[in-house]
Amino acid sequence: MIPEIGHFALALALALAIVQSVVPMLGAASGNLTWMALARPAARAQCLFVVVAFIALAWCFIANDFSVTYVAANSNSALPLAYRISAVWGAHEGSLLLWVVILALWTVAVSFFSRGLPPAFIARVLSVMGLISIGFLLFMLFTSNPFLRDLPAAADGSDLNPLLQDPGLIIHPPMLYIGYVGFSVAFSFAIAGLIGGHLDSAWARWARPWTIMAWSFLTCGIALGSWWAYYELGWGGWWFWDPVENASFMPWLAGTALIHSLAATEKRDVFKSWTVLLAIAAFSLSLLGTFLVRSGVLTSVHAFATDPARGVFILIFLGLVIGGALTLYAWRGPRTLGGADFELASRETYLLANSVLLSVATATVLLGTLYPLLLDALGGGKISVGPPYFNAVFIPLMSPLLLLLGIGPAVHWKRDRMARVLALLKIPALGTVVILLAAYAMVEPAGRATAMFGLMLAAWVVCATVNAIVQRCRARQQAWLALITLPASFIGQSVAHIGFAVTVIGVTMVSLYDADKHVRMNVGDQTHVNGYDFTFVSARKVAGPNYDATEARFSVAQDGEPLASLAAQKRFYRVRGMAMTEAGIDARLSRDLYIALGEQLEDGAWSVRISVKPFVRLLWLGALMMALGGVIAASDKRFRRARAAVSAGRSDARQSSTAG
Amino acid sequence: MRFAIPFALFAVVVAFLAVGLQRDPRLIPSPLIGKPLPTFELPKLSAPAQRVTAADLVGQVYLINVWASWCVACREEHPLLVELARQQQVPLIGMNYKDERPAARAWLERHGNPYRFSLFDAAGNLGIDLGVYGVPETFLIDARGVIRYKHVGPLSQEIIEKEFLTRVHEYERSSG
């Protein structure tokens with residue numbers, strides 16, 4: 001009964017989504033306020049039914065209803081409750097449902113926090129979001145229905161993929177999806193703006209907080225994914241440039257360009273074409289990412305062959321969304337998009353350079369990701385382009401970005417004197433030199449040149465950002481008091497920029513000074529890596545709820561001082577018959593000690609991977625700072641004040657009309 | 001007009017896809033087939049001091065397999081190569097492509113080493129000369145040092161037997 005309720009709720013949600021997209025759009029075109037007003041209630045009702053469907057599916061998992069095909073394929077009665085719930089989005093059908101739920105929640109959020117916006121505009125925004133929802137609901141109902149039954153029911157399920165049985169994977173996909181889907185808001189704002197012919201700085205001010213919040217969630221999601229790969233895959237790598245990771249990285253790059261371009265559009269009414277194109281690109285790449293990540297449809301042609309309906313639907317849907325948006329851009333763009341002038345020495349120039357660099361970076365990642373997939377689709381066989389390509393093209397693109405990042409915030413809008421900016425940047429330049437001199441002695445000679453280059457870029461960004469904060473405070477009468485009265489958007493920007501530098505330090509150090517050793521060890525054996533002594537203390541069998549494992553204990557000492565005790569596991573999941581490693585990690589800010597258990601060898605010894613990873617934590621710390629910076633910036637009073645001003649204006653109008 | 005450029009670009013990509021998906025690029029032969037192996041001088045993966053040239057390899061029919069430790073698809077075909085090496089049907093020479101020595105060695109230790117030896121092509125120079133456009137790729141070289149066949153992507157048992165081993169026997173007969 002419960003699965004049928006879920007199925008029925010999905011169908012109702014589809015009907016409501018059609019109402020939500022068609023009626024308000026017609027209303028906005030004909031100026032019919034009643035029809036426009038239907039957008040909000042329709043969006044909220046659609047959300048209600050999508051959530052009902054989601055709860056129904058979760059219920060099937062919790063109650064172990066193996067008559068539902070999707071549950072039988074992705075759960076097991078021995079699976080712990082937390083994983084039974086996260087298994088809802090553990091495969092293709094359920095992750096689509098999660099996507100639709102998150103889209104519905106963003107839509108409802110827009111419907112509530114948009115009281116200051118013109119009715120025609122908000123009607124169009126909600127209508128476009130409804131159109132996206134229609135696409136996904138159709139896809140689910142016709143090709144990927146999670147509520148299909150298989151009677152008689154299976155005796156037990158074939159378990160969740162062990163790779164996904166991990167606390168990190170409970171929150172990673174929702175975070176990522178909140179980010180992906182959040183870009184649909186910016187996309188819908190751009191489309192609504194193009195249709196309505198209103199793309200001005202007010203439009204950018206409305207779109208900014210939504211876009212920044214989506215970007216923050218995406219940043220968190222990517223960082224979580226990287227962290228998960230690090231401790232769960234057992235190779236100690238934190239980024240592999242594989243299609244799944246790139247799929248989330250491309251919208252992030254485009255989104256980063258978008259939030260900067262939006263800032264210029266809001267402040268100076270420039271780069272409207274860029275902003276609109278980036279909004280379309282960020283969301284299109286998110287759609288591509290969604291299908292690449294979990295569906296397995298585009299990652300392999302073989303999946304295409306077994307179920308061509310899904311692949312064809314996805315290609316048509318992507319074609320309609322991207323093609324439709326670009327057609328609209330070509331048609332309405334000339335009338336809506338123009339821009340103010342600015343001079344070469346102005347902050348606009350730096351933001352433009354930022355957009356160009358990030359767009360090129362997105363394009364190179366897209367090329368490196370899709371080219372092997374296309375080659376495979378064309379019958380050329382599976383190949384890897386691999387890290388050499390990405391490292392070769394990506395680092396040269398990021399280096400100038402970091403250099404400009406230090407300068408940009410110091411430059412005035414519209415027009416500035418380069419001499420003034422250069423004078424201002426003397427202190428951070430000096431600071432960078434001092435930091436480099438101090439670091440020189442601490443960095444090991446091997447690879448020192450590369451390390452110094454990376455550290456120089458990071459130190460430059462930190463010094464310039466701190467300097468910008470000091471300058472802002474000095475401009476006020478009470479410098480220390482000024483620190484807490486600075487605008488939230490400026491504080492957020494600074495935190496995010498410093499976070500970026502922190503990530504760069506982490507990447508530089510761990511890439512260059514990662515010490516890694518493969519050894520065969522028996523219980524009692526000792527090995528040395530980078531001044532740490534690792535002793536294999538014991539190995540014992542442990543049984544988990546749905547797996548059997550060997551747990552190896554290691555003790556670590558430095559200069560004879562005991563430092564830590566690590567436990568690494570080799571798990572064998574009974575139902576799927578898959579072996580998984582659980583790395584043993586001792587984490588400090590300055591280094592991680594990392595132990596992963598390999599195979600047991602014939603003579604009873606184990607192959608063990610031991611690594612010392614300097615500053616690897618900074619990678620994720622920096623990402624969290626970027627996300628936090630985004631949240632702080634999105635909370636800026638200016639965004640709310642603008643809305644309050646508009647709504648105040650509207651209530652004035654109402655009062656005067658009632659008075660009249 | 002400039003506002004139509006993004007759409008035009010998108011349309012071109014879609015058109016290429018639509019046409020491309022209906023064609024079989026395997027029908028286009030590699031320009032290198034029938035040509036002699038490009039000259040090179042590369043160190044061995046296991047012994048940096050020992051250098052190997054194209055001339056050293058002349059006189060036998062053998063396979064060159066391009067691999068890397070960062071290549072996921074290589075892991076897929078690797079058990080087949082290990083098995084092929086065990087049967088000793090044809091000498092197998094590895095070409096370790098754009099890799100790092102410790103990572104490559106660890107990879108062989110972990111997955112088994114089917115190669116007589118591996119050339120260490122860190123800069124990818126031989127890769128460029130051979131027209132390698134992704135990893136893995138496998139080449140068949142005859143006893144006179146001429147490239148006779150090339151396969152892009154991971155090998156399967158069927159491809160090894162039908163495409164490679166039949167040719168290997170053929171060229172061994174003609175040279176012997």
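The model is predicted. In chain A, helix 17 packs with helix 18 and helix 3 packs with helix 7. Chain B has 5 helices and 7 strands.

**Helix 17 and helix 18 of chain A**

- Two packed helices are described by the angle between their axes and the distance between the axes.
- Helix 17 covers residues 426–442 and helix 18 covers residues 448–474; their axes come within 8 Å and cross at roughly 140 degrees.
- The two helices are therefore oblique to each other, and the crossing is right-handed.
- On the side of helix 17, the contact is made by Ile427(A), Pro428(A), Gly431(A), Thr432(A), Ile435(A), Leu436(A), Ala439(A) and Tyr440(A).
- On the side of helix 18, the residues met are Met452(A), Leu455(A), Met456(A), Ala459(A), Trp460(A), Cys463(A), Ala464(A) and Asn467(A).
- The residues of this contact comprise 13 nonpolar, 3 polar and no charged.

**Helix 3 and helix 7 of chain A**

- The axes of helix 3 and helix 7 are 9 Å apart, and the helices pack at an angle of about 30 degrees.
- That angle makes helix 3 roughly parallel to helix 7.
- Their crossing is left-handed.
- Helix 3 contributes Ala39(A), Arg40(A), Ala43(A) and Gln46(A) to the contact.
- From helix 7, the partners are Ile122(A), Ala123(A), Leu126(A), Ser127(A), Gly130(A) and Ser133(A).
- By class, the residues of this contact are 5 nonpolar, 4 polar and 1 charged.
- Helix 7 runs over residues 119–143; at 1.5 Å a residue, its 25 residues should span 36 Å, and the end C-alpha atoms are 36 Å apart, which agrees.
- Helix 7 is mostly covered, with 19 of its 25 residues buried.

- Asn64(A) sits in the loop between helix 3 (39–62) and helix 4 (69–74).
- Asn64(A) counts as partly exposed because 18 C-beta neighbours lie inside 10 Å.
- Asp559(A) has 8 C-beta neighbours inside 10 Å and so counts as exposed.

**Leu318(A)**

- Leu318(A) belongs to helix 13 of chain A, which covers residues 308–336.
- With 17 C-beta neighbours inside 10 Å, Leu318(A) counts as partly exposed.
- Leaving aside neighbours within four places in sequence, Leu318(A) is in contact with Leu287(A) and Leu288(A).
- Leu318(A) and Leu288(A) are 30 residues apart along the chain, while their C-alpha atoms are separated by 7.7 Å.

**Chain B**

- The elements of chain B follow the order α-β-β-β-α-β-α-β-α-β-β-α from the N terminus on.
- Chain B has 176 residues, of which 34% count as buried.
- Among contacts in chain B between residues at least 6 apart in sequence, 73% join residues at least 24 apart.

How values were computed. Residues numbered from 1 in each chain as written. Chains lettered and ligands numbered in written order. Predicted model: local features only at pLDDT ≥ 70, side-chain atom pairs only at ≥ 80, totals over all residues. Axes fitted to C-alpha atoms, helices over the stretch in contact; angles between N-to-C directions. Helix = DSSP H or I, 4+ residues; strand = E, 2+ residues; numbered from the N terminus. Parallel < 35°, antiparallel > 145°, perpendicular 65-115°, else oblique. Left-handed = near helix turned anticlockwise from the far one by under 90°. Contact = placed C-beta atoms within 7 Å. Nonpolar A, V, L, I, M, F, W, Y, C, P; charged D, E, K, R; others polar. Expected span 1.5 Å × (residues − 1). Buried ≥ 20, exposed ≤ 12 C-beta atoms within 10 Å, placed from the backbone.
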